[in-house]
Amino acid sequence: MKFEIPFNKPSIVGSELIYVGQAVANGHSSGDGPFTRRVEVFLESSFGAKRVMLTTSCTASLEMAAMLCDLGPGDEAILPSYTFVSTANAVVLRGAKPVFVDVRPDTLNIDERLIEAAVTPRTRAIFPVHYAGVGCEMDAIMAIAERHNLMVIEDAAQGVFAKYKDRWLGTIGHLGCYSFHETKNFSCGEGGALVVNDPRLEKRAEVLRQKGTNRSQFLRGQTDKYTWVDIGSSYAPSDMLAAFLLGQLENMEKITARRMALYELYASQLSPLAEHGLIGLPSVPSHCATNHHMFYILVADIGVRSALIEHLRQAGILAVFHYVPLHSSPFAASLGAAPTNLPVTDEMSARLLRLPMFFDLRDREVAEITHCIKAFYDWRNSGPASGADGS
Ligand SMILES: Cc1ncc(COP(=O)(O)O)c(C=O)c1O
């Protein structure tokens with residue numbers, strides 16, 4: 001079915017196509033060409049990051065991070081169940097066990113107050129996931145990691161250009177992982193980056209990224225041969241993708257300003273429903289600066305959500321939910337990683353509904369979407385029709 005208002009749509013905002021043409025004309029369209037380095041330098045200088053390596057996806061960055069932490073059989077890593085599968089797969093691919101912790105009801109980020117109770121002598125790492133581009137409580141998480149000598153890998157797939165207490169997400173833990181997938185604020189279709197904040201990990205990260213070889217050192221003239229030195233895989237994207245991404249990143253502020261305007265439009269138009277307790281709206285702690293990656297609402301329960309999705313679908317609007325919590329998946333059960341006591345995750349994952357959010361979304365389309373949601377709740381101009389709020 002083709003939706004009049006899709007959930008997401010890729011956009012061209014600057015010099016993306018010109019740069020792709022240049023990448024081809026340069027005669028270097030494979031990985032680690034001139035555009036790759038320009039993107040890495042751009043991210044390093046924008047975020048004050050020590051070292052950024054462009055990758056094929058955030059999934060790839062998470063896999064590299066798990067290798068860099070030397071996770072292996074018998075080890076455990078702490079993460080939220082309310083996340084994309086890639087966070088957990090990175091752990092499981094190393095033969096280690098994911099240990100799921102519940103999320104906070106306000107931000108849907110891992111609840112830092114529950115992490116320490118999940119630490120065991122086998123714990124090696126914590127993977128905080130910055131949901132919707134809102135920072136996890138990184139001060140508390142870093143303090144726990146320090147007390148127990150753990151690695152911290154920020155899953156900042158959704159958190160590029162967002163801040164926690166004046167620090168860019170992805171630059172606070174030992175490693176940070178970004179996504180430039182089509183659905184993210186800045187995109188090249190499929191892409192990612194690994195932010196290496198701990199300089200001890202930099203040399204090995206280069207090797208893992210280049211199929212387990214010392215190719216990066218060789219290209220810099222630091223070694224006279226190029227050979228197999230470690231495990232690794234193919235994690236460097238084509239320079240054509242880097243070229244497209246540079247065109248997007250150069251417009252980071254423009255893209256973020258537009259998303260912020262859309263977010264505020266949604267929030268103001270839906271606030272009457274929230275004030276009457278019909279829906280919940282996202283909340284951002286005052287010490288976090290969001291990148292406005294996502295706009296979601298929280299409805300009463302899964303039944304209301306299914307009915308609202310159908311109501312929007314009939315009007316040609318695609319709204320989606322995620323995630324099915326990982327601890328309730330068949331694969332988690334087969335790993336023996338399926339705790340039953342994650343009440344906030346269970347509740348919120350059943351109530352959350354994401355609304356369309358992309359650079360080219362028009363104000364009038366937001367008005368159409370919010371009008372449709374109000375009609376669902378039988379909302380009149382001045383307030384709820386009788387019975388709409390349970391009265
Ligand atoms: C929290 C989180 N982690 C990881 C990923 C994977 O990102 P990618 O598609 O770049 O591999 C996503 C993608 O949506 C995500 O939301």
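Glycine 14 is partly exposed, at 35% relative accessibility. Glycine 14 sits in the segment before helix H1 (16-25). Helices (H or I, at least four residues) and strands (E, at least two) are DSSP runs, numbered from the N terminus. This is a predicted model, in which local features need pLDDT of at least 70, side-chain atom pairs count only at pLDDT 80 or more, and totals for chains, interfaces and linings use all residues. Residues are numbered from 1 along each chain as its sequence is written, and side-chain values use heavy atoms, with hydrogens and water left out.

Where does glycine 14 meet the rest of the chain? Leaving aside neighbours within four places in sequence, glycine 14 is in contact with Gly247 and Asn251. Contact means heavy atoms within 4.5 Å. Asparagine 251 is 237 residues away along the chain, yet the two C-alpha atoms are separated by 6.8 Å.

Now turn to strand S1, residues 51-55. S1 is mostly covered, with five of its five residues buried. Arg51, Met53 and Thr55 point one way, Val52 and Leu54 point the other way, and all are buried. S1 pairs with strand S9 (residues 192-196) in the antiparallel sense, over five bridges. Two strands pair if DSSP finds at least two bridges between them. Threonine 55 has glycine 192 as its bridge partner in S9. Strands of a sheet pair through backbone hydrogen bonds, either parallel or antiparallel.

Tyrosine 164 stands opposite cysteine 288 in S10.

Charged side chains come next. Side chains of opposite charge can pair when their charged atoms come close. A salt bridge is a side-chain nitrogen of Lys or Arg within 4 Å of a carboxyl oxygen of Asp or Glu. By this rule the count comes to 21 salt bridges.

One of them links glutamate 40 and arginine 37, with the closest N and O atoms 2.8 Å apart. The two are three residues apart in helix H2 (residues 34-47), so about one helical turn separates them. Glutamate 40 is buried at 4% relative accessibility, whereas arginine 37 is partly exposed at 37%.

Arginine 51 forms a salt bridge with glutamate 44, and here the closest N and O atoms are 3.9 Å apart. Glutamate 44 is buried, with a relative accessible area of 12%. Arginine 51 is buried too, at 14%.

Arginine 124 and aspartate 75 also meet in a salt bridge, at 3.0 Å from N to O. Arginine 124 lies in strand S4 (residues 123-126), and aspartate 75 lies in the loop between helix H3 (58-68) and strand S2 (76-80), so the pair ties together parts that are 49 residues apart in sequence. Arginine 124 is partly exposed at 32%, and aspartate 75 is buried at 14%. Salt bridges that share partners join Asp32, Arg37, Glu40, Glu44, Arg51, Glu202, Glu206, Arg209 and Arg220 into one network.

Which residues come nearest to the ligand? Of the 16 residues around it, they are Cys58, Thr59, Asp155, Ser179 and Lys184. A residue is near a molecule or strand if one of its heavy atoms lies within 4 Å of it. A polar side-chain atom of lysine 184 lies 2.7 Å from an oxygen atom of the ligand. For serine 179, an N or O atom of the side chain is 2.7 Å from a ligand oxygen. Glutamine 158 has a polar side-chain atom 3.0 Å from an oxygen atom of the ligand. Taken alone the ligand exposes 400 Å², and the protein buries 91% of that. Accessible areas come from the Shrake-Rupley method with a 1.4 Å probe; for residues, only the protein chains shown count as cover.

Definitions and conventions:
Buried < 20%, exposed > 50% of the residue type's maximum accessible area, 1.4 Å probe, protein only. Polar contact = N/O pair within 3.5 Å; in protein donor to acceptor, adjacent residues only side chain to side chain.
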